[in-house]
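Please examine the sequence and the three-dimensional structure shown here.

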Amino acid sequence: MRKENIVRLMDGGEEKTFKVRQMSATRGERFVFKFVMLLGGEAEIEKMADPYALLGALSSKPFERVQELLDELIGCISRVNGGVETQLTPDNADGFIEEPMTLMKLRVEAVKLNDFFHLGGQPPLDESSAASVLIKHRG
């Protein structure tokens, strides 16, 4: 069963409620591969467990390439209002969110919940496997 969290944030002068859901295993795996490929081997993966470090690593890349990953994070978020839950998309998010920082905070919550770069309590596959991976740019 996938994890989910309820998040309440002030946005546009009112408290709003959102539900953040964990990506499926396949969506999460694709996100991680796209992230690593976008960085081109320039990230220390063990540091990417921090959601701010993960989003910060994207800040040096061309926005057009980063946008796809940001949109995938929006796909983890629903607006909850009066018992009605509406899935957010890049096309409808502005209808529910007024402030850019609200959207950023929700993306951070999606990164935290998905926990992309932790082993999730799983031991390494064998004794020669490292608990974290260091990717360095070849050049």
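This is a predicted model: local features need pLDDT of at least 70, side-chain atom pairs count only at pLDDT 80 or more; totals for chains, interfaces and linings use all residues.

Residues are numbered from 1 along each chain as its sequence is written, and side-chain values use heavy atoms, with hydrogens and water left out.

The largest nonpolar core has 30 residues, of which Phe35, Leu58, Leu73 and Phe116 touch the most other members. A nonpolar core is a set of buried Ala, Val, Leu, Ile, Met, Phe, Trp, Tyr and Cys residues joined through side-chain atoms within 4.5 Å; buried means under 20% relative accessible area, exposed over 50%, and partly exposed in between, with a 1.4 Å probe and protein chains only. At least two residues of this core come from each of strand 1 (4-11), strand 2 (14-21), helix 1, helix 2, helix 3 and helix 4. Helix 4 gives the most, with six residues. Helices (H or I, at least four residues) and strands (E, at least two) are DSSP runs, numbered from the N terminus.

In helix 2 (residues 51-58), the buried residues are Pro51, Leu54, Leu55, Ala57 and Leu58. They lie on the same side of helix 2 because they cover an arc of only 155 degrees around the axis, the arc being that of the directions from the helix axis to the C-beta atoms. Their cover includes helix 1 (25-39), helix 3 (63-74) and helix 4 (100-114).

Leu70, Asp71, Leu73 and Ile74 in helix 3 meet Leu103, Arg107, Ala110 and Val111 in helix 4, where contact means heavy atoms within 4.5 Å. Leucine 73 is also in contact with residues including Met23, Phe31, Leu55 and Phe116.

Glutamate 72 is likewise found in helix 3. With a relative accessibility of 15%, glutamate 72 counts as buried. Residues up to four places away in sequence aside, glutamate 72 touches Met23, Arg27, Phe31 and Lys34.

Threonine 86 belongs to strand 4 (residues 84-87). Its relative accessible area of 27% makes threonine 86 partly exposed. Apart from neighbours within four places in sequence, threonine 86 is in contact with Ile77, Ser78, Arg79, Asn92 and Phe96. The C-alpha atoms of threonine 86 and lysine 19 are separated by 9.4 Å, and the two residues are 67 residues apart along the chain.
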